[in-house]
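Trainee: I have a structure open and want to learn how to read it. Can you take me through it feature by feature?

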Amino acid sequence: VPVPLSDLELRAWAAYIEASLRLETRLDEALRAETGLTLFDYHVLVLLSEAPQQRLRMADLADRMVFSRSRITYQVNSMIKRGLVVREPAPDDRRGYRAVLTATGLQTLRQAAPRHAASVRTLFLDHIHADELPCIDRVFTRLQTCLREQRTP
């Protein structure tokens, strides 16, 4: 039998859900207005820029984006049309592919990064006290690790 949430747990959960949805929406709106990129575009560019040789297997990119295989294919195809990434066969798997950051994609990321950082500061960090940041880091790093290790049933 599931244990019902306490009033504090319910309030914390509801505040988290609404705040995270509003934050993601506002960050996406600001990024689109200032750069033409979606938040998903930006995250793909960041992941590829940090990857070895600026390449990631499509399955690994889908996992990091928390996307299905079909959704990551759609996302990458959209970015290919804009010259931000290309797709290449994976050398170790004849059926697999890798997404590769292009020079245009890297330049686009470099131009967008300061604007996105300013939005992150305005919409998120300016509302967090300096002494709260280590706690937020610990909590969400732990949650991220836990959720990466647990697969959806």
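Trainee: What share of the residues in the protein chain is buried?

Mentor: This is a predicted model. Buried means under 20% relative accessible area. Here, 28% of the 153 residues in the protein chain are buried.

Trainee: Which contacts join residues at least 24 apart?

Mentor: Start with contacts between residues at least 6 apart in sequence. Of these, 51% join residues at least 24 apart.

Trainee: Now helix packing. What describes two packed helices?

Mentor: Two values do: the angle between their axes and the distance between the axes. Take α1, residues 7-35, and α5, residues 103-123. They pack at about 145°, with axes 10 Å apart. Their crossing is right-handed.

Trainee: Which residues meet there?

Mentor: From α1 come L23, R26, L27, A30, L31, E34 and T35. They meet A112, R115, H116, S119, V120 and L123 of α5.

Trainee: Last, the charges. How far apart are the mean positions of the positive and negative charges?

Mentor: The protein chain has 22 positive and 19 negative charges. Their mean positions lie 8 Å apart.

Conventions
Residues numbered from 1 in each chain as written. Predicted model: local features only at pLDDT ≥ 70, side-chain atom pairs only at ≥ 80, totals over all residues. Heavy atoms only, no water. Buried < 20%, exposed > 50% of the residue type's maximum accessible area, 1.4 Å probe, protein only. Contact = heavy atoms within 4.5 Å. Lys, Arg positive; Asp, Glu negative; His and termini not counted. Charge placed at Lys NZ, Arg CZ, Asp CG, Glu CD. Axes fitted to C-alpha atoms, helices over the stretch in contact; angles between N-to-C directions. Helix = DSSP H or I, 4+ residues; strand = E, 2+ residues; numbered from the N terminus. Left-handed = near helix turned anticlockwise from the far one by under 90°.
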